[in-house]
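This report covers the aromatic side chains and the charges placed over their rings.

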Amino acid sequence: MLKLNKDRFATFTFDETDWRLLDRKKGLRDSKFNGTYFDLWADYVVENIGWVNELSEFSTKLNLMALKADTDGIALAISDLGPEASQSLFTMKAVAALRVHQPDEVGVFFSGRLKSGWLRNIFVDGLISSTATTIPDRSFQDTTDFMLSNLRHRSEREVIRFMLRPQLSRESTAFRAYVALLSHPFDALQLLTLELERCWSQRVAVPQSVVSKLQHLDGLKNNEFKRLSLALDLLEGDQKKINSTGSQDPAIQYVEHFAREEIVEIPKHLAASGVLAEAIKHCRVEKYPNPEKWEVLRAFSIHWGFSDLGRVVRSFMNSLYLFPRSDLEQEMRSLLPLVDAKGRIDAFVASGPRGMHFVRLVVSPRDWTKTRASIDAVIDAPQHYDCRFRLNAAHWELQGFELEAAPRSWIRYVRENIPIVPGYLSGIEWSWLDAVNSKYRLSHFEKIEMDRYSYVFAHLVMMVEEDNADPVPIRSMLKKIDVSDWEELVEKVSSNLGNQVLGALLRYFLTPSEILHLKLAKNPFAAITVKLALLDSYKTKFGFNSIVDSEYYQTESTTLQRALFARHISRGQFEFSWPRLLTDASRNYQDYYDAALELIRSGEGRRVLGDALVTLEHSFGNKQAASYRLPNHVRQFATVVLAIIDEILQHPVGGLEAILSSRFRHDTLEREFRKQATEIARAPNARLPKQASEALQKLYWPQISQILSDWISSRLQSHRRSTPHGMFNLVPTPDEIASLVDQGIRLHQFTEVFELVQEWVTERLDQQLVRVRRSFVTDLKTELIEKIDEMRNAPAPNEYYGEKRAYLDRLAAGMEHAISETQGWFTIPERAVENTFTIDVPIEIAKQVCGVETNEISALSNASANFPSDMRKPALYTCVDIVANAQKHGEVSRLRVSRIADNLVFSNFVCSQSDETWEKTSLAKNQAQLFSEGDSGLIKISAGMSALCGKPVKVRAVRRKRWFHLVIPASEIIPCVSE
């Protein structure tokens, strides 16, 4: 029944009955039902084993040609395949990998070869898109959700996923068997072997009837099906059978030569050249491989992962901890290609991810101690290796501590042997450390000083490597270390862990928020100051290195200094850390953006995905949700745009929710009002003795505080179901998301798309802040005054009856003053301000203070002279005088700022018609005149500019017809450029 007929042979000829049955088998876990299909699968392979030879020979030839990048040879070998072999999944993947940069040729090649309309019309498009985008395994599920969103049947997407990446399938054995029964016998054999490997790694029993049928295949006796033979040996648990002859394929032998504990010269008959061969060697001999070489191997392992060489390269990469860790079952299977290539289990395999677990499953319990000792004898201490195997040597020991449940020994060993190298994987299985934290209390590690610092180090490695690592373990242990100030922290950490680790702690953990948690600062302002001090201290003591480099120092210092200047002068609290947001968004979504753009622009993407409108449901991190109807081919791109908005909403440091939480709700805004009330209570006043004032403060302030708290907690929130009165909403409307997507797909870089979204967010937020300020100034003020009036009419303690009205009058005035002082918080600073600053910053602020409009001050955009932070206030006062002077004489609140020769010129239009021309010149005699009373505006401006420039500055005021000009020599402030 299962014997194939060449005259009627066609693969993957799915019809409606097949889809209906597959829909039923999707997610099926019935072991008896699965066993029946397992038997059918094995019967199909056995009955048609003669069909396998042609593709087996092609597979062997392909390995060496792929290693040497012999594309012409591969193309010729494919063209020589017969009509049946051309319909195999193996051949389809080979053609797609060969023509990865010529997708149109793939469709043309198969148009006359594939008999199945489903293959031609649906699967080939998915194959092209999947191969072209080199989707990592961890994002394969999400990406294919977009790629394959317009299919008719529920199971169709899972079938395509299984055909593209069978190793990732989570469906039932019956489901996979059904698909394999419609494939070429060679594909069925490959998939059946994978299924046996899966059963072994999951410790699932395989029907004995299946094993018996396969053991009698002639190819096993002739060593033709080595991979199948290994899978059967593992299932039987016979260690002796596993130790066999290694692969005789020269391409596989080339990779295996570098998959050893020690690097030796490669034999001449195995020598190979080319990009792939060089990348294999490079990634083995270098401790920290070049990213470009790493990418060569990653791309090859995806494009050619269906081939024997592709699987061995992937196994090689996994064994050297060059890929992110995955679950137990996948890592166990990832070692098998190398075991097959070697014909044995050696120290290289054993030291790979889950290698010790692998060895324990293979060897008998009575042989385990002896086997472990033999591997221990081969693997030296990590310091012995000046290559990538150094990490393997460390992990062999770490796996032993994990096996023995010895967390203290584990963290000590991590501290001694796992360096912190940003951008490179440590290879640590972090879920094990999470399990340790769940099982053991902090007290388990805090008794011995060495363990305290080792605990901090291990979790710091996690923070460097994992984007969402929890900072609480480090924070909790640093509190146990007990430091009184940041200088003591620097001293203890550097002396116990070294300056490199201190740098990592500074860069990845010690944010201003954590500085507050550790009580190294009393308020957010002081925390920023401490972080700046830490940066400067580190630079002075240790200089720059690979962790704290000059770029990070400059970027972080600038960000913190901007925050300080904003707090001191502009007071606008809605200042986003755009560089930080861009960096994190790029790291999180660049791959998705590249994949989305490639699908849209590949020429195939639109045809594959289509223009049909589909629903995109998106849940934002702050519990808001939205639904959009979009053309299918832009759905993934729209998700990227929404992800950027979500990043701006939810970023833990610089996002909107963080701003609302840390800069407003967490007592920050209410503190300003409380400060006013406290000053009123403590201020000496003849009508209001201090004792009475403080007593009345205790009586009335809780009621005022409740009103403030209610307004802040209800209004300063994102608008959602749980906070219906929230006044912030960055969820785009359907029209807005359509516009953003339409503009974004025309751009060429992720950075440009981010800036597009940034501009939209800024504009949207600006509009909302207008309403927030209005509510703050009117609604909140009204509620406060009404409450104070209610207090006036309520009874008061007899001893303070006479002072009550005076106190409440002052309290009302104080609350109005606090509103006036803090309403500027609800703004987005127009320009990020810095601790050291250029003259354009205070001029921008001065124009806001004076309420005038100016042109875009491009004349100052290249200002080069930086002024120290202690000149901020003098600079601001001087600039206010400059703007006010020009405003007063010009009669119109609109300035033009320009640069003429070496002068900075503030020009204003004079309303009244006049032919009057005059000029006044002032030169301050000393800088004390800057704050003296009675001097002219020009004298003060001259004194202020002299203070900034460090030398006398002559200022001129010029009236020419209908223009007033204030001319300030600026050669010391900005470059001299003629206009």
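## Charges over rings

A charge sits over a ring if NZ of Lys or CZ of Arg is within 6 Å of the ring centre and within 35 degrees of the ring normal. The model is predicted. In this model, arginine 113 lies over the face of phenylalanine 109, 3.8 Å from the ring centre. Arginine 360 is placed over the face of tryptophan 368, at 5.7 Å from the ring centre.

## Aromatic pairs

The structure holds 36 aromatic pairs. One of them joins phenylalanine 9 and tryptophan 51 in a tilted arrangement, with 4.7 Å centre to centre and 50° between the planes. Phenylalanine 9 lies in the segment before helix H1 (16-25) and tryptophan 51 in the loop between helix H2 (31-47) and helix H3 (52-67), so this pair ties together parts 42 residues apart in sequence. Phenylalanine 9 counts as buried because its relative accessibility is 4%, and tryptophan 51 is buried with a relative accessible area of 14%.

Phenylalanine 14 and tryptophan 118 form an edge-to-face pair, 4.9 Å centre to centre with 75° between the planes. Phenylalanine 14 belongs to the segment before H1 and tryptophan 118 to helix H7 (residues 117-133); the pair links distant parts of the chain, 104 residues apart. Phenylalanine 14 is buried at 10% relative accessibility, and tryptophan 118 is buried at 9%.

## Aromatic cluster

Phe58, Phe90, Phe186, Phe300, Trp304 and Phe306 make up one aromatic cluster.

Methods:
Residues are numbered from 1 along each chain as its sequence is written. This is a predicted model: local features need pLDDT of at least 70, side-chain atom pairs count only at pLDDT 80 or more; totals for chains, interfaces and linings use all residues. Side-chain values use heavy atoms; hydrogens and water are left out. Rings of Phe, Tyr and Trp (its six-membered ring) pair if their centres lie within 6.5 Å; planes under 30 degrees apart count as stacked, over 60 as edge-to-face and the rest as tilted. Helices (H or I, at least four residues) and strands (E, at least two) are DSSP runs, numbered from the N terminus. Buried means under 20% relative accessible area, exposed over 50%, partly exposed in between (1.4 Å probe, protein chains only).
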